[in-house]
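Please look over the sequence and the model first.

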Amino acid sequence: MPGAFHDLAAEKLSLTALRELQARRLSELLSSVTASNKFYKAKLKAAGIKPADAAKAKLEDLPFTTKSDLIEDQGRHPPFGTNLTQPLAEYTRYHQTSGSTGHPMRWLDTTESWESMLRSWSCIYHAAGMKSSDRICFAFSFGPFLGFWSAFEAATRYGALCFPAGGMTTVARLRFILDNGITAVCCTPTYALRMAETAAAEKINIRLSPVKRLIVAGEPGGSVPETRARIEEAWGARCIDHYGMTEVGPAAFECEKCDRKKGRLHVIETGYIAECIKPGKTDPVEPGQTGELVLTSLGRSASPLIRYRTGDIVRVGRSPHCECGRSFISLEGGILGRADDMIVVRGVNVYPSAIEAIVRRVPGIVEYRVEVSQQREMTELKMQVEVSPEEPSPKAAVKQLSSEIEHVLGLRIPVELAAQGSLPRFEMKAKRWVRQN
Ligand SMILES: [Zn+2]
């Protein structure tokens, strides 16, 4: 039952008790990695931390870990690398990243480290208001991507009735959702919109379905108020964001008390230590400033991460206490973008999430694509948009988008109208930004 599986008391720890818990767990983690984890033994040695002193080391003295450190290690020691604290025979789960940067990363878990992630998931479900009477549908194909399996298994532990919906077309999934009286759907924000678009084309009224909530992640869209508003309008249901990645697991959930027009994620600080540093540097930002999220995973000691530079841009709230009663760090506005996704166009910093927000404000636009090209040393953008067949004036939607972009970003970006169904649709993370040269 959720009461037994979900540790609500841990979420209500005072700030002092929380910091003590984190310090104790960090010390335990450092003891275990210095005993048997080759990857971190080498990293700590290179940082001048002796094995005998490791358990007492302060967080700020520990070295950062980057994605390229991990990829390099797996390249040198294939297939799994050396970030393994336990003997290989102890591991029971294999997953890998989507490899969007060209290097899928392999990740192993023991039964114990997997359990710690399921506990983190219970925080996400609890804040989303899930009940054991819920029927939750997982609208994706179950490949080697970690999020699906951990979300599914945690939901069974939580007590919900769980429906895998892999290997189906979008129409089949919509029928599956309706026929089984599904009350909650887990998917990417892009796919929540895709299902809504297909439902409209098939004359299926999803607003009349019993679906009350869509639990989304995997793209910045889940934190973009305009995208969430559009999902909520189409489904007549609440859209709830969370955050995680294969390397660290499910790390943050949406606060149920947050201002819906702004959004707020809480890092599950019983399982992670969160820091926010200046992008490209190593020093921390002041509370309220924007910086890169750095995470240390405390519960996944079999394949841990210490001071992992996530590349995700966040703004940590100034207040250490939230009105929901938790002392967990607040990421105001959720994940604001990825450091390496920012593009400078004629001196203006453009994040894909900013374009996403503008597109979702314009009624009638169902899909879009952004082409990035280099022209005479300058980066230029060009957009194509597809407009719903029900929209009476597609050209007006295109014009509105152009002027909104100019108004918000101060940039003129050419926008073309694409033919119905010509732009790619996505089931998982969308790839809407393409480089032309
Ligand atoms: Zn809160």
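Eight residue pairs are in polar contact between domain 1 and domain 2, both residues of each pair being at pLDDT 80 or more. A polar contact is a pair of N or O atoms within 3.5 Å; within protein, one must be able to donate a hydrogen and the other to accept it, and residues adjacent in sequence count only if both atoms are side-chain atoms. The model is predicted: local features need pLDDT of at least 70, side-chain atom pairs count only at pLDDT 80 or more, and totals for chains, interfaces and linings use all residues. Residues are numbered from 1 along each chain as its sequence is written, and side-chain values use heavy atoms, with hydrogens and water left out.

- The domain assignment gives domain 1 (1-338) and domain 2 (343-435), with bounds from an automatic or database assignment.
- Domain 1 puts 25 residues into the contact and domain 2 puts in 20, where contact means heavy atoms within 4.5 Å.
- About 1,800 Å² is buried between the two domains, 52% of it from carbon and sulfur atoms. Buried area is the accessible area (1.4 Å probe) that two parts lose on being put together, summed over both.
- Thr 190, Glu 226 and Arg 230 supply 29% of the area that domain 1 buries against domain 2, more than any other three residues.
- Two salt bridges are counted between the domains, each a side-chain nitrogen of Lys or Arg within 4 Å of a carboxyl oxygen of Asp or Glu.
- Glu 197 forms a salt bridge with Arg 425, with the closest N and O atoms 2.7 Å apart.
- Helix 9 (189-201), helix 10 (225-235) and strand 14 (337-338) each give at least two residues to the side of domain 1 that touches domain 2. Helices (H or I, at least four residues) and strands (E, at least two) are DSSP runs, numbered from the N terminus.
- Helix 9 gives the largest share of that side, six residues.

**Arg 326**

- Arg 326 sits in the loop between strand 12 (308-315) and strand 13 (330-332).
- Arg 326 counts as buried because its relative accessibility is 2%; buried means under 20% relative accessible area, exposed over 50%, partly exposed in between (1.4 Å probe, protein chains only).
- The side chain of Arg 326 makes a polar contact with that of Glu 11 (2.5 Å).

**Backbone details**

- Pro 78 and Pro 79 are joined by a cis peptide bond, with omega about -5°.
- Arg 307, not a glycine, has a positive phi of about 50°. At 5% relative accessibility, Arg 307 is buried.
- Arg 346 also has a positive phi, near 45°. Arg 346 is partly exposed, at 38% relative accessible area.
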